[in-house]
Amino acid sequence: MPRFEYAPAPESRAIVDIAPSYGLFIGGESVPPVDGGVLKSVNPASEEVLAEVGQAGPADVDRAVRAARTAYREVWGPMPGRERAKFLFRIARIIAERSRELAVLESLDNGKPIRESRDTDLPLVAAHFFYYAGWADKLGYAGFGPDPRPLGVAGQVIPWNFPLLMLAWKVAPALACGNTVVLKPAETTPLSALRFAEICQQADLPPGVVNIITGAGATGAALVEHPDVDKVAFTGSTAVGRSIARAVAGTRKRTTLELGGKAANIVFEDAPLDQAVEGIVNGIFFNQGHVCCAGSRLLVQESVYDELLAALKRRMATLRVGDPLDKNTDIGAINSSAQLERIRTLSEIGRQEGALPWSPPCQLPDRGFWFAPTIFTGVSQAHRIAREEIFGPVLSVLTFRTPAEAVAKANNTPYGLSAGIWTEKGSRVLAIADQLKAGVVWANTFNRFDPTSPFGGYRESGYGREGGRHGLEAYLA
Ligand code: NAP
Ligand code: MG
């Protein structure tokens, strides 16, 4: 059969104006850092510097927390929920109106395909604000008592894999409940959070309700340790989560941690294999595998192993790796050279430990950070690639013979964030889901998100839930 090539279909970046430099967003305005330096954010697909952003030092963190405290005490805390809701609805509508601009900016700063930022990230960001806007005047009916109170000032630290979506997960419920926030985006992806600051101004949000302080890990640590923060919300790695748990131990700060994962995606012999292949591809190659709930361990029933693997390889050969702004691109750039290095190192360890890598032929661009979609076969549970989070487009394939073995292998991990089950039998879905130690279990699908549905982990994947009615609890006293 002739193979038709796609013509390039690049999204225009003309819709996004990026200033050469950005200050910190404190008390409703952009201010230069007083005791920090500057950081550069690059486009990981080209290594081009997109902008310089301020690096908040301890005095800046203090200034932001004070602005948030004042806004909490004087404006946002006393404001009736129905009034807060208006601001949140306004923010949600502006996000929807400006979603193309935000999607292009997100793809530029993060490296994710425009198809994903446009069709997944941005619709979900707006949906989160709409959803929590709806709760703001109904908190007394959420199941946390007749008159639940906000906590105060929330210090929030987020990672780079879904910059604006993680911001929405943090900011929307906090504001709906009457808290004010100081948020630190990740060092490599600060630009959409700074654009969100402009949206707060556009929505006439009272100054100090949302404060965005850019910076690296030290800025996050200073925020978490600030004595006047009432609530700490963190999404990121388990290692940093541990250090945050230590920092807040013995204080009165309430804390939620959303950490890493090593999800099992389990394919039973009766599964519709073509559908399962789509789910496997979505599970591990969506967002370059930079997904905490990625289905990074494929568990296949032995009887269908050969057939499934052949179908998976055929499908992987059609994945298009390259320019994130091209609407045909399936897999974009790895977010940073540091992350690329981690993926390379762990993959090399996989090879050394005896697993067999396979990638489809694909041409990677010369500049930027890239990693071909890869599967490892011959993986044993003891291999590091089966135990550690790679956070890249790398899948470990293992097999099982019985449902009991599948459950035992799936649960054989220190994490417990998500899992997937593929089978035609509804009763098996329920029976297996019941035995999996994971916060989210998808059946015959993967990586589905909805603001009404709680998300969070067990064990080393953290504690607390974000999303849904459950997500309010973390921000209410
Ligand atoms: P990370 O290194 O833990 O960074 C997360 C955030 O914490 C970044 O803003 C980071 O700043 C900041 N940070 C670093 N050191 C800190 C410290 N000592 N105190 C306070 N903040 C500090 O994680 P990452 O590599 O960016 O993100 C990948 C990880 O996030 C993966 O493990 C992934 O599974 C997890 N994740 C989990 C979820 C979930 O919902 N469970 C969602 C997405 C990602 P810098 O950017 O400047 O380093
Ligand atoms: Mg960047």
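**Close-up views of helix packing and burial**

**View 1. Alanine 96 in helix H2.** Alanine 96 has its place in helix H2; helices (H or I, at least four residues) and strands (E, at least two) are DSSP runs, numbered from the N terminus. The model is predicted: local features need pLDDT of at least 70, side-chain atom pairs count only at pLDDT 80 or more, and totals for chains, interfaces and linings use all residues. Residues are numbered from 1 along each chain as its sequence is written, with chains lettered from A and ligands numbered from 1 in the order in which they are written. With 16 other C-beta atoms within 10 Å, alanine 96 is partly exposed. On this scale a residue is buried if 20 or more other C-beta atoms lie within 10 Å of its own, exposed if 12 or fewer, and partly exposed in between, with C-beta atoms placed from the backbone. Between alanine 96 and proline 123 the C-alpha to C-alpha distance is 7.4 Å, although 27 residues separate them in sequence.

View 2. Among the buried residues are Leu102, Val104, Leu105, Glu106 and Asp109. Their cover includes strand S4 (38–42), strand S5 (49–54) and helices H2 (81–97), H4 (114–135), H5 and H6. Glycine 111, with a positive phi near 100 degrees, follows H3.

**View 3. Crossing of helices H5 (residues 163–176) and H6 (residues 191–202)****.** The two axes come within 8 Å and cross at roughly 50 degrees; axes are lines fitted to C-alpha atoms, for helices over the stretch in contact, and angles run from 0 to 180 degrees between N-to-C directions. Pro163, Leu164 and Leu167 of H5 meet Ser192, Ala193 and Phe196 of H6, where contact requires C-beta atoms, placed from the backbone, within 7 Å. The residues of this contact comprise five nonpolar, one polar and no charged; Ala, Val, Leu, Ile, Met, Phe, Trp, Tyr, Cys and Pro count as nonpolar, Asp, Glu, Lys and Arg as charged, and the others, Gly among them, as polar.

**View 4. Crossing of helices H9 (residues 273–285) and H10 (residues 305–316)****.** Here the axes come within 10 Å and cross at roughly 55 degrees. The contact involves Leu273, Asp274, Ala276, Val277, Ile280 and Val281 of H9, together with Glu307, Leu308, Ala311, Leu312 and Arg315 of H10. Eight of these contact residues are nonpolar, none is polar and three are charged.

Definitions and conventions:
Two residues are in contact if their C-beta atoms, placed from the backbone, lie within 7 Å.
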